[in-house]
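Here are some notes to read with the structure open beside you.

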Amino acid sequence: MKVTALVTAYHPDDRLAAVVEAALLTCSGVIVSDNTPASSASAAEKLDDPRVTVLRTGFNRGLAAALNSAADELPADTDVVLLLDQDSVLPPDLVPALTTHLADASIGVVAPNPWDAAHSGSYEKIVRAAGPALVDRYGVMTSGMLVRRNCLRAVGRFREDFFVDWVDFDFCLRVRDNGFRVVQDTTVLLPHSLGDRREHRVGPLRTHVLHYPVWRHYWIARNSTVLARERRANDWRWSLGAVRYLVRWTAKTALFEPQRWSCLKALLAGLRDGISGRDRQTYVPAGARYPAS
């Protein structure tokens, strides 16, 4: 199978070169979709391998739009698409291990187990040490996801009105709508960083919290609410899980976020807009262009 990697980037540092070099060991080519504004330098400018294509429009279009522009440049003979972000350096055996599962024509998406090396554990709470290696999922994280090309054609474009958060789950749910399976190999680990993830303690209990900028909280609330509302009839179990996720996220924000009032205000705005289906420019970060506005 011919695999082409799509790498999304935003203000990448020199680690981007390591991400691309690792991908080229098992992929025939890499397309980097760089959302860094034109006013800032980007490490993507230093990439000079002929197998690498760099797309840079000069503004932040959001994750979904970056993925769509890269997918538009896929070579015609690509069989499998590998999605990566600028923080994921591939282990050399990841792509060969995951592509073996695509011998099953029912599988449209296969993903690794994202691993938090800093805290020595999986980001997936439902992954267990003992259990089946290959598990069906409602959705998997974008980075490390392998997508069969005919599955990508069937599903269509990534959802640009989501801007960044929940783009992966929306895509995976539509993969399932089109009759393909979404699976995860829990034995294949992908070292990955989700950003500012810190451990907090409440008495004997401990929890990990992602400290995002205020604007991200809006999209987390809006997009999870939109999906829960849209999926409540056909995927009610998943919708209920999305609601529980948002409740936990809000509680952790109230307890541990230094900018808790600004973040809670953003979460409430996102909840309201998710229920109504609206969106607002207020929570688009500086230098970005939101396509739905």
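1. Let's start with Asp168, whose side chain reaches the backbone nitrogen of Thr142 at 3.3 Å. Please keep in mind as you look that this is a predicted model. Asp168 belongs to helix H5. Does this residue sit buried or exposed, and what is the nearest side chain of opposite charge? Asp168 is buried and has no salt bridge; the nearest side chain of opposite charge is that of Arg216, 8.8 Å away. A salt bridge would need the charged atoms within 4 Å, so the contact to Thr142 is the one to show when you zoom in on this side chain.

2. Now step back to the whole of helix H5, residues 167-177. The rest of the structure largely encloses H5, because 8 of its 11 residues are buried. Besides Asp168, the buried set takes in Val167, Asp170, Phe171, Cys172, Leu173, Arg174 and Val175. Just after the helix comes Gly179, with a positive phi of about 90°.

3. On the way into H5, have a look at Phe163, in the loop between helix H4 (149-155) and H5. Phe163 is not a glycine, yet its phi is positive, at about 65°. Most residues other than glycine have a negative phi, so this spot deserves a second glance. Phe163 counts as buried because its relative accessibility is 1%, under the 20% cut-off.

4. His11 also has a positive phi in a residue other than glycine, near 50°. You will find His11 in the loop between strand E1 (3-9) and helix H1 (15-24). With a relative accessible area of 38%, His11 is partly exposed.

5. Next, strand E5 (residues 107-116). How many of its 10 residues are buried? The count is 9, so E5 is mostly covered. E5 pairs with strand E9 (residues 181-191) in the parallel sense, over 7 bridges. Within that pairing, Pro114 has Leu190 of E9 as its bridge partner. E5 also runs antiparallel to strand E8 (residues 146-148), joined to it by 2 bridges. There, Val109 stands opposite Val147. In a regular strand the side chains alternate between the two faces of the sheet, which is handy to remember while you trace these strands.

6. Gly144 is in the loop between strand E7 (134-136) and E8. Its relative accessible area is 0%, so Gly144 is buried. Gly144 and Pro191 are 47 residues apart in sequence, while their C-alpha atoms are 9.7 Å apart in space.

7. Thr36 lies in the loop between strand E2 (29-34) and strand E3 (52-56). Thr36 is buried, with a relative accessible area of 0%. What does the side chain of Thr36 contact? It makes a polar contact of 2.7 Å with the side chain of Asp34.

8. Leu268, Leu271 and Ile275 make a nonpolar patch of about 250 Å². Leu268 lies in helix H8 (residues 260-276). Leu268 counts as partly exposed because its relative accessibility is 40%.

Note on methods: Residues are numbered from 1 along each chain as its sequence is written. This is a predicted model: local features need pLDDT of at least 70, side-chain atom pairs count only at pLDDT 80 or more; totals for chains, interfaces and linings use all residues. Side-chain values use heavy atoms; hydrogens and water are left out. Buried means under 20% relative accessible area, exposed over 50%, partly exposed in between (1.4 Å probe, protein chains only). Helices (H or I, at least four residues) and strands (E, at least two) are DSSP runs, numbered from the N terminus. Patches are made of residues with over 30% relative accessible area and no salt bridge: like charges are joined within 9 Å, nonpolar side chains (Val, Leu, Ile, Met, Phe, Trp, Tyr) within 5 Å. Accessible areas come from the Shrake-Rupley method with a 1.4 Å probe; for residues, only the protein chains shown count as cover. Two strands pair if DSSP finds at least two bridges between them. Lys and Arg count as positive and Asp and Glu as negative; His and the chain ends are not counted. A polar contact is a pair of N or O atoms within 3.5 Å; within protein, one must be able to donate a hydrogen and the other to accept it, and residues adjacent in sequence count only if both atoms are side-chain atoms.
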